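Hello,

Here is the structure I promised to pass on to you. Please have a look at it, and then read on for what turned up in it.

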Amino acid sequence: MATHQVSREVVITVDDLKKAFGQNEVLKGITTSIHRGEVVCVIGPSGSGKSTFLRCLNLLEQPTSGKVVVDGVEVTDPDCDIDKVRADMGMVFQQFNLFPHLSVLDNCTIAQVTVRKSNKAEAEKRARSNLERVGLLDKEAAFPGQLSGGQQQRVAIARALSMEPKLMLFDEPTSALDPELVGDVLSVMRKLASEGMTMFVVTHEMAFARDVADRVIFMDGGYIVEEGHPDEVIGNPQHQRTRAFLDRVLNPTSVGQIGGEDEAYAERHQSEPEADGDGDISTLSPGQPGQIGRST
């Protein structure tokens, strides 16, 4: 259960966010906010728009319409200096994205020197502090190819922390890892949460979301279907789609027959839900199906 302090200060505001790839609309009017020190976990089936939502927060994906404000700066304003905003937003990807030709230490210092304009000594001191934080100080001279996937992801977290971000975005940080390597990465993330880091996490790790998050958002078909405290969304979901998703995640053999999951998927997304003017389907009765997008 989350024990850290959450401020009333809003650090991210999202208003009627929409994103389409050609004719395929994958975000259909997302409205929410994130507070300083809050840990928000986004869950949902593949293709529900989770990662697209996250990537719109720092404009790695350009929204089709809507507004995103980060620390008082509207990043969707064409005149926004997005590089300046990104410097304060740590990002951890699914696939680590380390420079293979650089050592662990150099991977953690290059952005400090080129973006923050830190001198090399300061950058290395900060990098070593964060490598120690993730339990990898002894690997500073190693190259990414010499590390396990879990170690590489912890280096990626140390690299992001070395930029001294105000908030962290995690895009399914354990999805590319073997199961036995997941624990150390989640332990580092738990520690960050306990230290008060603002975190927006797209994840399939239900135990982490239940135990660490202050708020869980369940997405399906490009909408926020349900959001609230983990005890409510994971422990006692109100919408049929949330219940169906969690049943299949927590009881993966419950479908019971080959092809049953395909049938369940088709039934769950056979038609698009009617949304109100804000694109919000939170008032729909349980069981109304939605049409899935094509991006996670």
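Which residues in helix 3 meet which residues in helix 4? Keep in mind as you look that this is a predicted model. On the helix 3 side they are V104, L105, D106, C108, T109, Q112 and V113, and on the helix 4 side K120, E122, A123, E124, R126, A127, R128 and L131. By class, this contact holds seven nonpolar, two polar and six charged residues.

As for the geometry, the axes of helix 3 and helix 4 (residues 120–133) come within 9 Å and cross at roughly 125 degrees. The two helices are therefore oblique to each other. The crossing of helix 3 past helix 4 is right-handed.

**Helix 3 and helix 5**

Helix 3 also has a contact with helix 5. The axes of helix 3 (residues 104–114) and helix 5 come within 8 Å, with a crossing angle of roughly 30 degrees. Because of that angle, helix 3 is roughly parallel to helix 5. Here too helix 3 passes in a right-handed crossing. V104, N107 and C108 of helix 3 meet V155, A158 and R159 of helix 5. The residues of this contact are four nonpolar, one polar and one charged. You will find V104 and C108 in the contact with helix 4 as well.

**Helix 5 and helix 6**

Moving on to the next pair, the axes of helix 5 (residues 149–161) and helix 6 (residues 182–194) come within 9 Å and cross at roughly 25 degrees. This makes helix 5 roughly parallel to helix 6. Helix 5 contributes G150, Q153, R154, I157 and L161, while helix 6 contributes D184, V185, V188, M189 and L192. Six of these residues are nonpolar, two are polar and two are charged.

Is R154 buried or exposed? With a relative accessible area of 11%, R154 counts as buried, because the cut-off for that is under 20%. Leaving aside residues up to four places away in sequence, R154 touches V134, G135, L136, D184, V185 and V188. Of these, D184, V185 and V188 belong to the helix 6 side of the contact.

Six of them form an open sheet with mixed pairing, in the order 6-7-8-3-9-10. Strand 6 (89–92) and strand 10 (223–228) are at the edges and have a single partner strand each, so one side of each has no neighbour in the sheet. On average, neighbouring strands are turned by 15 degrees against each other, direction ignored.

Within this sheet, strand 3 (residues 39–43) and strand 8 (residues 198–202) pair in the parallel sense, over four bridges. If you want a place to check that pairing by eye, C41 has V201 in strand 8 as its bridge partner.

Helix 6 lies across strand 3, strand 7 (167–171) and strand 8, and runs at about 145 degrees to strand 8. Helix 9 (residues 240–250) touches strand 3, strand 9 (215–220) and strand 10, and its direction makes about 95 degrees with that of strand 9.

How many bridges join strand 1 to strand 2? There are nine, between strand 1 (residues 10–21) and strand 2 (residues 24–35), and the two strands run antiparallel. F21 is the bridge partner of N24 in strand 2, and K19 stands opposite L27 in strand 2. The hairpin of these strands has two residues between them, and G22 there takes a positive phi near 65 degrees.

Strand 1 pairs with strand 4 (residues 65–70) as well, in the antiparallel sense and over five bridges. In that pairing, I12 stands opposite V70 in strand 4.

Happy browsing, and do write back with any questions.

Best wishes

Note on methods:
Residues are numbered from 1 along each chain as its sequence is written. This is a predicted model: local features need pLDDT of at least 70, side-chain atom pairs count only at pLDDT 80 or more; totals for chains, interfaces and linings use all residues. Side-chain values use heavy atoms; hydrogens and water are left out. Axes are lines fitted to C-alpha atoms, for helices over the stretch in contact, and angles run from 0 to 180 degrees between N-to-C directions. Angles under 35 degrees count as roughly parallel, over 145 as roughly antiparallel, 65 to 115 as roughly perpendicular and the rest as oblique. Contact means heavy atoms within 4.5 Å. Ala, Val, Leu, Ile, Met, Phe, Trp, Tyr, Cys and Pro count as nonpolar, Asp, Glu, Lys and Arg as charged, and the others, Gly among them, as polar. Two strands pair if DSSP finds at least two bridges between them. Buried means under 20% relative accessible area, exposed over 50%, partly exposed in between (1.4 Å probe, protein chains only). A crossing is left-handed if the near helix is turned anticlockwise from the far one by less than a right angle, and right-handed if clockwise.
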